[in-house]
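Subject: Structure for you to look at

Hello,

Here is the structure I promised to pass on, with some notes on what turned up in it. Please have it open while you read.

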Amino acid sequence: MALQLGDDAPDFTADSTEGPIHLYEYLGDSWGVLFSHPADFTPVCTTELGEVARLKSEFDKRDTKVLGLSVDSLESHQGWTGDIKDATGNTLNYPLLADPDRTVANAYGMIHPNANSTLTVRSVFVIGPDKKVKLTITYPASTGRNFEEILRVIDSLQLTSSYQVATPVNWKDGEDVIITTAVSDDDAKGKFPKGFRTVKPYLRLTPQPNR
Ligand code: BEZ
């Protein structure tokens, strides 16, 4: 069965462009993003890998370690990294896992046989410091991902893991958040000293508590 939210992220050891990676050791107490690519030397993947390199400092700010994966070999990856720099202007600055025997791809359900029996689809997994899967997204091979959206979700996940809040539609870091219904109005007054406004009894908004 496909990995679901709350499942343990499967641990693995695999070769990468930065040497062998043991997932749990690599992540340590940090958050992680593991994202797969259908194949090396393909156009959409090239743009995605360059974009994640450009955004690497944003992931670092969120104490989040990024890991790309493509089922091709390490030798192939090493050849491709030059193209990624040429095409996007960004140098690969995070590990790209090689998975020629598809051990990681199979453990994470990254191959969708009805789409293509050998290639990984564009999967994204956000992994928490507790090594549980916090987010899964699956895109078709023909659609490049929006990694600003992945950062936005990480902001929400990190906030909601520390406070009894949820984030509304299109929320961005710094905007008002929703107090969860588990918190009574009386408790909300103590927990959210900046105050809150009640739109509906079940929809109460408060300034982002860690800002
Ligand atoms: C691409 O990265 O451009 C791509 C890879 C596999 C199938 C379609 C597009």
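Which residue in β11 is the bridge partner of Arg197? It is Leu205. Before the details, please keep in mind that this is a predicted model.

That residue pair belongs to the pairing of β10 with strand β11 (residues 203-206), which is antiparallel and runs over 3 bridges. Both strands sit in an open, antiparallel sheet of 4 strands, ordered β8-β9-β11-β10. The edges are taken by β8 (165-166) and β10 (197-200); each has a single partner strand, so one side of each has no neighbour in the sheet. As background, strands of a sheet pair through backbone hydrogen bonds, either parallel or antiparallel.

On the overall layout, the domain assignment gives domain 1 as 13-145 and domain 2 as 163-206. Taken over C-alpha atoms, the centres of domain 1 and domain 2 are 35 Å apart.

The other sheet to look at is also open, with 5 strands in the order β5-β4-β3-β6-β7 and mixed pairing. Here β5 and β7 (133-139) are the edge strands, each with a single partner strand, so one side of each is left without a neighbour in the sheet. From one strand to the next, the twist averages 20°.

Helix α6 (residues 147-160) packs on it, touching β3, β4, β6 and β7, and its direction makes about 150° with that of β3. Helix α2 lies across β3 (31-37), β4, β5 and β6 (122-127), and runs at about 160° to β3.

Finally, have a look at helix α4. It covers residues 74-88, 15 residues in total, and reaches 21 Å from its first C-alpha to its last, close to the 21 Å expected at 1.5 Å a residue. Which of its residues are buried? They are Leu74, Ser76, His77, Trp80 and Ile84. An α-helix has 3.6 residues a turn, so residues three or four places apart point the same way. The buried residues of α4 pack against α2 (43-54), β4 (64-70) and β5 (96-98). Just after α4 comes Gly89, with a positive phi of about 80°.

Best wishes

Key: Residues are numbered from 1 along each chain as its sequence is written. This is a predicted model: local features need pLDDT of at least 70, side-chain atom pairs count only at pLDDT 80 or more; totals for chains, interfaces and linings use all residues. Side-chain values use heavy atoms; hydrogens and water are left out. Helices (H or I, at least four residues) and strands (E, at least two) are DSSP runs, numbered from the N terminus. The expected span of a helix is 1.5 Å times one less than its number of residues. Buried means under 20% relative accessible area, exposed over 50%, partly exposed in between (1.4 Å probe, protein chains only). Contact means heavy atoms within 4.5 Å. Two strands pair if DSSP finds at least two bridges between them. Axes are lines fitted to C-alpha atoms, for helices over the stretch in contact, and angles run from 0 to 180 degrees between N-to-C directions. Domain bounds come from an automatic or database domain assignment.
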